[in-house]
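Hello,

Here is the structure we talked about. Please look through it first, then read the notes below.

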Amino acid sequence: MATFHHIGVPVSAKQEGAAYIEGGKVWATDPADHPYNVEYLFFESDTPMHELIQTKNHVAFMVEDLDAALVGKTVICDPFDATETLRVAFIEDRGAILELMQAL
């Protein structure tokens with residue numbers, strides 16, 4: 001079962017209050033600080049993140065088992081530890097970019 005978490009929006013400038021996510025070389029705001037759970041993302045020029053993640057909005061969901069949730073999916077960003085308590089991966093599904101997240 002997947003539970004909605006946030007909407008991610010790429011932006012052209014680092015936003016106030018953004019935190020650095022080393023694994024993705026990206027600055028991200030906390031969606032919990034936004035009334036509609038929007039996360040703003042500013043990517044460094046050498047980010048390893050897929051071009052679709054850098055250019056399209058995504059919808060993020062919490063899942064219980066990230067590896068199981070990725071089976072049979074079109075993975076565009078392999079799982080990585082975004083923080084000490086969160087592991088994430090991105091998939092593409094019929095044009096939609098989805099972030100799947102697992103609490104560690």
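Asp46 and Lys25 form a salt bridge through their side chains, with N and O 2.9 Å apart. This pair joins distant parts of the chain, 21 residues apart: Asp46 lies in the loop between strand E4 (38-43) and helix H1 (51-55), and Lys25 in the loop between E2 and strand E3 (26-28). Asp46 is partly exposed at 44% relative accessibility, and Lys25 is partly exposed at 28%. Please keep in mind that the model is predicted.

The count of salt bridges is three. Another one links Arg87 and Asp67, whose closest N and O atoms are 3.3 Å apart. Here too distant parts of the chain are linked, with Arg87 in strand E7 (residues 86-93) and Asp67 in helix H2 (residues 66-70), 20 residues apart. Asp67 has a relative accessible area of 44%, so it counts as partly exposed.

Arg94 and Asp93 also meet in a salt bridge, at 3.5 Å from N to O. Arg94 is exposed, at 80% relative accessibility, whereas Asp93 is partly exposed, at 34%.

Now the sheet. It is open and has eight strands in the order E2-E3-E4-E1-E5-E8-E7-E6, with mixed pairing. Which strands stand at the edges? They are E2 (19-21) and E6 (74-83); each has a single partner strand, so one side of each has no neighbour in the sheet. From one strand to the next, the twist averages 30°.

Strands E1 (residues 3-10) and E5 (residues 58-62) are antiparallel partners, paired over five bridges. His6 stands opposite Ala60 in E5.

Regards

How values were computed
Residues numbered from 1 in each chain as written. Predicted model: local features only at pLDDT ≥ 70, side-chain atom pairs only at ≥ 80, totals over all residues. Heavy atoms only, no water. Pairing = 2+ DSSP bridges. Helix = DSSP H or I, 4+ residues; strand = E, 2+ residues; numbered from the N terminus. Axes fitted to C-alpha atoms, helices over the stretch in contact; angles between N-to-C directions. Salt bridge = Lys/Arg side-chain N within 4 Å of Asp/Glu carboxyl O. Buried < 20%, exposed > 50% of the residue type's maximum accessible area, 1.4 Å probe, protein only.
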